Amino acid sequence: MEKGRGETLTKSVEEVRAEIPFLRTGIIYLDNAATTPTPEPVIEAMLDYYHEYSANVGRGLHRAAKRATAEFESAREKIARVIGAKSNEIIFTKNTTEAINLVARGLDFRRGDKIITTVFEHHSNLLPWQQLERERGVKLEIVGSSKECLLDPAEFEAAIDKNTRLIATHHVSNAIGSIQPVEEIGKLAQENDIIYLVDAAQSIGHMPVDVGRLHCDFLAAPGHKGLLGPQGTGFLFAREERIRELAPLLTGGGIVDDVELHASKLVEPPQLFDAGTPNIPGVIGLGRACEYVMDIGIEKIAERERKLIELMLAIEENSRVKVYGPRDLERRGGVVSFNVSGLGPHDVASMLDELAKIAVRSGHHCAQPTMRHLRVNGTVRASVHFFNLEQEIEKFVEVVEQIARELGT
Ligand SMILES: Cc1ncc(COP(=O)(O)O)c(C=O)c1O
């Protein structure tokens with residue numbers, strides 16, 4: 001650990017890299033928007049569970065069960081600390097998608113209610129609302145017109161009417177990297193007494209996310225992306241005043257106070273959402289991961305990612321490379337989406353892997369409406385985290401330039 005400004009102890013890039021075993025394979029990992037590699041302390045926390053107290057939670061009275069329950073529940077506090085929430089506002093899910101579906105299925109939407117979302121959402125923040133449109137007669141209004149895929153609060157203002165129940169937007173676009181004006185949209189929702197859900201899949205762990213500042217009622221997030229937690233984990237923040245309006249997706253064992261043959265009395269939230277045996281090691285690992293990113297410092301992560309993205313944008317110097325999304329770096333998260341003229345995105349991604357072991361994603365990035373909006377079938381997407389090195393980005397720029405020069409048109 002190095003001594004940073006203000007006497008705080010924070011982790012350096014080298015320390016973090018040394019603690020991520022996957023990076024020892026020599027890969028240049030620029031696919032962090034899909035999922036992130038897991039640091040050793042997070043793996044160790046999960047191993048400790050398997051080695052020392054591998055019991056179920058919320059049930060047994062033996063020492064292993066008590067410890068498992070305490071560690072599992074403490075993950076709520078650790079997550080809450082990252083987003084400025086209370087621990088009883090945190091519901092564990094298996095990913096962001098489940099967290100959004102929980103809101104869509106768990107609130108009592110009725111025919112005539114209006115939901116506003118945007119063209120630039122990940123499919124996981126669009127299909128659950130489409131399902132409500134089909135099954136419950138909800139009216140779905142979709143806004144978003146900017147070329148840079150930036151949302152304009154005025155478009156929401158124009159779309160709001162007396163039937164509007166919910167606004168759902170992403171914070172940072174996974175396909176393009178745009179940072180959205182979520183605080184302003186949240187304020188607008190609050191002023192109009194509309195529920196606001198933020199999909200924080202690409203912001204959590206990458207930049208400060210504070211549910212108070214966002215004025216959101218719900219925030220859906222993964223454990224396995226910016227937070228460096230294990231795959232198969234995520235959570236839903238549900239504001240204390242709203243959590244009781246939500247019905248759980250699952251019902252059954254583990255969430256009851258009393259059960260008779262035709263009736264049952266259920267426990268209070270957030271444990272109400274833990275029916276069945278949950279992903280105990282995953283949740284414990286996620287708790288540890290939250291501490292880990294807080295040890296690095298989320299402001300520090302954001303600052304470093306901004307620098308890496310600025311370096312990465314050098315690919316634009318080649319006229320055969322087109323980068324999508326905001327020009328203003330303040331409005332761009334840790335994602336660069338681009339194409340090389342004359343080549344398909346999958347070809348470019350395969351060449352980056354073959355030529356230099358560089359891992360990127362290619363295709364529509366589960367955001368087909370965004371791709372249609374940009375009039376492309378897909379893009380190549382490179383996405384960073386704190387642990388990426390300047391030399392890795394330079395290598396990436398060099399190989400993209402080589403591909404464009406030798407094979408682009
Ligand atoms: C913006 C956004 N929303 C939702 C999701 C879905 O996340 P998960 O895989 O955790 O369900 C993703 C995944 O990439 C995403 O980037």
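**View 1. The surroundings of the ligand.** The ligand is surrounded by 14 residues, and the closest are N95, T97, H122, N174 and A201. A residue is near a molecule or strand here if its C-beta atom, placed from the backbone, lies within 6 Å of it. Sorted by class, the shell around the ligand holds three nonpolar, 10 polar and one charged residues. Ala, Val, Leu, Ile, Met, Phe, Trp, Tyr, Cys and Pro count as nonpolar, Asp, Glu, Lys and Arg count as charged, and the others, Gly among them, count as polar. The model is predicted: local features need pLDDT of at least 70, side-chain atom pairs count only at pLDDT 80 or more, and totals for chains, interfaces and linings use all residues. Residue numbers start from 1 along each chain as its sequence is written.

View 2. Helix α10 covers residues 280–296, 17 residues in all. Helices (H or I, at least four residues) and strands (E, at least two) are DSSP runs, numbered from the N terminus. From its first C-alpha to its last, α10 reaches 25 Å, close to the 24 Å expected at 1.5 Å a residue. The expected span of a helix is 1.5 Å times one less than its number of residues. Of the 17 residues of α10, 14 are buried, and the helix is mostly covered. A residue is buried if 20 or more other C-beta atoms lie within 10 Å of its own, exposed if 12 or fewer do, and partly exposed in between, with C-beta atoms placed from the backbone. G297 follows α10 and has a positive phi, near 105°.

**View 3. The crossing of helices α2 and α10.** Helix α2 spans residues 40–52. The axes of α2 and α10 come within 8 Å and cross at roughly 145°. Axes are lines fitted to C-alpha atoms, for helices over the stretch in contact, and angles run from 0 to 180 degrees between N-to-C directions. The crossing of α2 and α10 is right-handed. A crossing is right-handed if the near helix is turned clockwise from the far one by less than a right angle, and left-handed if anticlockwise. On the α2 side the contact is made by P41, V42, A45, M46, Y49 and Y50, and on the α10 side by I280, P281, I284, G285, R288, A289 and Y292. Two residues are in contact if their C-beta atoms, placed from the backbone, lie within 7 Å. The residues of this contact comprise 11 nonpolar, one polar and one charged.

View 4. G234 lies in strand β10, residues 234–238. G234 is buried because 29 other C-beta atoms lie within 10 Å. Which residues does G234 touch, not counting residues up to four places away in sequence? They are T93, K94, N95, T96, E98, A99, A221, P222 and G223. T93 is 141 residues from G234 in sequence, yet the two are 4.9 Å apart in space, C-alpha to C-alpha. T118 belongs to strand β5, residues 114–118. T118 has 25 other C-beta atoms within 10 Å, and so T118 is buried. Apart from neighbours within four places in sequence, T118 is in contact with I142, V143, G144, L151 and T169.

View 5. Most residues other than glycine have a negative phi, and most peptide bonds are trans. The peptide bond from P269 to P270 is cis, with omega near 5°. P270 sits in the loop between β12 (264–266) and α10. K357 is not a glycine but has a positive phi of about 55°, and K357 lies in the loop between α12 (345–356) and β15 (358–359). K357 counts as partly exposed because it has 13 C-beta neighbours inside 10 Å. H365, also a residue other than glycine, has a positive phi near 55°. H365 is in the loop between β16 (361–363) and α13 (368–374). Is H365 buried or exposed? H365 has 25 C-beta neighbours inside 10 Å and therefore counts as buried.

**View 6. L343 and its contacts.** L343 is placed in the loop between β14 (335–340) and α12. With 17 C-beta neighbours inside 10 Å, L343 counts as partly exposed. L343 is in contact with V348, L407 and G408, leaving aside neighbours within four places in sequence. G408 is 65 residues from L343 along the chain, and their C-alpha atoms are separated by 6.2 Å.
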